[in-house]
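Please read the following account with the model open beside it.

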Amino acid sequence: MHLKFSKELEKNLEEFLEKELKKISEQLSLNLQNFAKEAQIEYKKEIALLPKKIDNELLKIQSFSRELQSDLHKKSEEKIVELTNFFFKLKNSLASQAQSEIKKLAESLTKETVKNFSQVLSPFEKKLELAEKEIEEYKKKRMAEIDQKVYEAIAEVSKEVLRKTINLSLHEDLVIEALERAKEKIF
Amino acid sequence: MTPFLLTKEEQVLTLKKIEDLENLLYKDPEISFSEKIKKVGLEELLPKDINYLSKEKQAEFLFSLKENLKNLPKVTIEIAFDPSVDFILKLKNWFLENLKKSLVLEIKVNPKIVGGARIYYLGKYFDFSLATKIEELQKRKHG
């Protein structure tokens, strides 16, 4: 009896369980469908809100970026000013040093050049002096030669004039006079 | 011996005549020596008694005469004009009167001296040319 009962119970239990399971399964399916629907709605809502959120986020990022850019700009400018000042000072310092060095070098070079120039020029100065002397002497000589030629020319003209002026009789008288003058001196 | 004066040309000509006579001395014995003297034109210069000397003596005389003529003191006179025969004679007379020596007179014509004379005698020199006078005057004027 006992066995019989059990079989029946078991059968009934199985049927009950099957029914309950079916109910649960259906409920679950329904719940799942509902959840899916709700989730879809929520998702759509969220999706619909997403561009705005993105815009907001973008705005925030842009704002942050601007701030960052501005900050960087400011810092860069400050750095640039600082560096510029530094380089300006450095440049001035270097320029000053360079000027000082150049001045020293120029002085040294000038001294050396003057020394070398004097050394180089010295023989030329002597030669120049000599050449000037020679030119002066040459000038004197040439002037003397010219004077001499002028005197000679005058003498020649005088001689020519006399040659044409003197007649034979005067010639003879002059020869006799020359002999008279020579008499005491050479005869 | 009376002093005599020959021009340079006369000296050369006379020496030539003496040489000609020397050459004739032993030639043509039929011709007398006096004729030979006439032939060469030396009758005024040679003494007459030379004709009576032996040929050797005549030759010696001619040789010594030649040497004497060559060694006569010479006076050179440089003048500016071509002298006439009369003037040359005048010069000869002047030398004979004033120097009273036998001489050879050489006359050089040089128009460059303009006038006056330059005289050379026994290594001495006297310049009385007008050219030199003009040059001296120029030098004095122009330092």
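The helices H1(B) and H2(B) cross in the right-handed sense; a crossing is right-handed if the near helix is turned clockwise from the far one by less than a right angle, and left-handed if anticlockwise. The model is a predicted one, in which local features need pLDDT of at least 70, side-chain atom pairs count only at pLDDT 80 or more, and totals for chains, interfaces and linings use all residues. Residues are numbered from 1 along each chain as its sequence is written, while chains are lettered from A and ligands numbered from 1 in the order in which they are written.

H1(B) and helix H2 (residues 33-40) of chain B pack at an angle of about 145°, with their axes 9 Å apart. Axes here are lines fitted to C-alpha atoms, for helices over the stretch in contact, and angles run from 0 to 180 degrees between N-to-C directions. From H1(B), the residues B:Lys17, B:Asp20, B:Leu21 and B:Leu24 make the contact, and from H2(B), B:Lys36, B:Ile37 and B:Val40. Two residues are in contact if their C-beta atoms, placed from the backbone, lie within 7 Å. By class, this contact has four nonpolar, no polar and three charged residues; Ala, Val, Leu, Ile, Met, Phe, Trp, Tyr, Cys and Pro count as nonpolar, Asp, Glu, Lys and Arg as charged, and the others, Gly among them, as polar.

Helix H1 (residues 8-24) of chain B also packs on helix H3 (residues 55-70) of chain B, at an angle of about 165° and with the axes 10 Å apart. That angle makes H1(B) roughly antiparallel to H3(B), a term for angles over 145 degrees, with those under 35 counted as roughly parallel, 65 to 115 as roughly perpendicular and the rest as oblique. The crossing of H1(B) and H3(B) is left-handed. Among the residues that make the contact are B:Leu15, B:Ile18 and B:Leu21 of H1(B), and B:Leu62, B:Leu65 and B:Leu69 of H3(B). The residues of this contact divide into seven nonpolar, two polar and three charged.

Chain B as a whole has five helices and five strands, which run β-α-α-α-β-α-β-β-β-α from the N terminus on. Helices (H or I, at least four residues) and strands (E, at least two) are DSSP runs, numbered from the N terminus.

The five strands form an open sheet of mixed pairing, in the order E1-E3-E2-E4-E5 (chain B). Strand E1 (5-7) and E5 of chain B stand at the edges, each with a single partner strand, so one side of each is left without a neighbour in the sheet. Two strands pair if DSSP finds at least two bridges between them. E2(B) and strand E3 (residues 103-109) of chain B pair in the parallel sense over six bridges, with B:Val75 opposite B:Leu105 in E3(B). Strand E2 (residues 74-79) of chain B also pairs with E4(B), in the antiparallel sense over five bridges; there B:Val75 stands opposite B:Tyr121 in E4(B). E4(B) and E5(B) are antiparallel over six bridges, and B:Tyr120 stands opposite B:Tyr125 in E5(B). H4(B) lies across E1, E2 and E3 of chain B, running at about 140° to E3(B).

Two loop residues deserve attention for their backbone angles. Most residues other than glycine have a negative phi. B:Val114, in the loop between E3 and E4 of chain B, has phi near 70°. B:Val114 is buried, with 24 other C-beta atoms within 10 Å. In the hairpin of E4(B) and E5(B), which has two residues between the strands, B:Leu122 takes a positive phi near 45°. With 9 C-beta neighbours inside 10 Å, B:Leu122 counts as exposed. A residue is buried if 20 or more other C-beta atoms lie within 10 Å of its own, exposed if 12 or fewer, and partly exposed in between, the C-beta atoms being placed from the backbone.

Of the 143 residues of chain B, 21% count as buried; of the 187 residues of chain A, 4% do. Chain A has two helices and zero strands.

Where do the two chains meet? Helix H2 (residues 168-186) of chain A lies across E2, E4 and E5 of chain B, running at about 35° to E4(B). The contact takes 23 residues from chain B and 23 residues from chain A. On the side of chain B, helix H4 (85-99), strand E4 (116-121), strand E5 (124-129) and helix H5 (130-142) each give two or more residues. H5(B) gives the most, with six residues. The residues on this side of chain B divide into 16 nonpolar, five polar and two charged.
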